[in-house]
Amino acid sequence: MKPTPSEHPALDRQFLERAVELGRLGWGRVQPNPMVGCVLVRNGVVVGEGWHEEYGGPHAEIVALSKAGPDARGATAYVSLEPCRHHGKTPPCTEALRDAGITRVVFGAQDPGPDSGGGAAALADYGVEVSGPLLSMEEARRENPGFHGSPEDRPWVALKLATSLDGRISARAGLRSTISGPESNERVQWLRAGFDGIMVGTQTALTDDPRLSVRGDTRPLTPPKRVILDARGQVAASARVLDDADGTTLFLTTASSPAPWRSSIEARGGKILEVREEEEGRLSLVETLRALRGEGIRTLLCEGGGVVGSKLLQQRLVDRFYLVLAPKLLGSDGVPAFPSHGASRRGSGDGGPGPLGEWTLIEDPLRLGNDVWMVLEPKGV
Ligand SMILES: NC(=O)c1ccc[n+]([C@@H]2O[C@H](COP(=O)([O-])OP(=O)(O)OC[C@H]3O[C@@H](n4cnc5c(N)ncnc54)[C@H](OP(=O)(O)O)[C@@H]3O)[C@@H](O)[C@H]2O)c1
């Protein structure tokens, strides 16, 4: 049966937005499931709210129904995702909604899952009035890119860079320097928690010796895999990224990296993944991303540096760009965020970078301390 359109679009949208907002509280705790929220409303009054708090735990609808108790009878359920109709880790939400006496369901995104999807039709068969999907594919993907937008052959990729006003990511090559403020750094910790993998280029690994771990208040249920691009095996096995490594720190390399280096990385719990070499002896990024997808990474946060970021941008492999602008001027000694040598020479004719595309702000810029956070996606997507 076909879902019916909403009769109260403004009100429905308002409660649905609340459901989406609640879903976000599951950031870092639910992947590979999507973040989902639910609001139960009876006679205009909210009688229960809930969200999917943890992978394997109860779905948002079940949490909201248990909060509402008998008040759920005759209520409308606003759910950010089409309620599931299958026996997965938990019983079908469609049956729970029916059994609790829910008379109407308004849902946001359609569930693309071959088993879990189809809940709207099941609810309609039970005699429940159904409206949805109210979210467009684009809105659904922005909310849960790993679930709605992850391509088959690579992860959904976000690039994050903190730059000075004059487009520099460090004060000098080979120097670890602080660009953004403490509030931004706290947000980076939160951001990391929601990704399956965090990646940096060779120079960043050598200069910053980053741990690429999550150390903020939001602790991921499954820590993101740490990924180092190291075509020739330059990063020492004493690198901090290998502290506590248990097979989840991945080194992408080419056939040219020496065997003793590989053994030293493996001896500290790192995993070597070999991919094809491209121009200038660098890793093929397409193959790198394919290999990471093969490791179960559906969402990847690349934290630079500029060379790797620009290569990804040039090859149109960036799905979201977190650009943190810090009010500093670092001058010409600074490391460029968008170096021309990071770009493909093919097609640009002059060895320069060529266009890196146009971008759209997908949410209002956020001021964090003295920094401005921009969240951008390629225009026209
Ligand atoms: N402010 C920020 O947000 C931020 C973030 C990260 C880093 N940083 C700073 O930026 C500096 C490092 O950045 P960077 O731009 O010089 O270097 P980078 O992007 O970290 O590393 C570039 C290197 O990665 C290796 N690589 C392997 N495969 C590649 C591929 N397919 N495409 C591109 N590179 C590939 C290459 O090393 P080989 O040619 O040797 O193989 C390349 O030179 C450091 O000073 C660091 O502190 C700042």
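Predicted model: local features only at pLDDT ≥ 70, side-chain atom pairs only at ≥ 80, totals over all residues.
Strand 1 (residues 37–42) and strand 2 run antiparallel, and six bridges join them. They belong to an open sheet of five strands with mixed pairing, in the order 2-1-3-4-5. At the edges I found strand 2 (45–51) and strand 5 (129–131), each of which pairs on one side only. From one strand to the next, the twist averages 15°.

**Helices across the sheet**

Next I checked what lies over these strands. Helix 1 (residues 9–23) lies across strands 1, 2, 3, 4 and 5, and runs at about 140° to strand 1. Helix 2 (residues 60–68) lies across strand 1, strand 2 and strand 3, at about 140° to strand 2.

**Around the ligand**

I then turned to the ligand, which has 27 residues around it; Gly201, Gln203, Thr204, Gly304 and Gly305 come nearest. Two or more residues each come from strand 6 (156–163), strand 7 (168–170), helix 8 (202–208) and helix 11 (306–314). Helix 8 gives the largest share of the shell, five residues. I sorted the shell by residue type and got twelve nonpolar, nine polar and six charged.

Is Glu363 buried or exposed? I found Glu363 in the loop between strand 15 (359–361) and strand 16 (366–368). Glu363 has 10 other C-beta atoms within 10 Å, so it counts as exposed, the cut-off being 12 or fewer.

Definitions and conventions: Residues numbered from 1 in each chain as written. Near = placed C-beta within 6 Å. Helix = DSSP H or I, 4+ residues; strand = E, 2+ residues; numbered from the N terminus. Nonpolar A, V, L, I, M, F, W, Y, C, P; charged D, E, K, R; others polar. Buried ≥ 20, exposed ≤ 12 C-beta atoms within 10 Å, placed from the backbone. Pairing = 2+ DSSP bridges. Axes fitted to C-alpha atoms, helices over the stretch in contact; angles between N-to-C directions. Contact = placed C-beta atoms within 7 Å.
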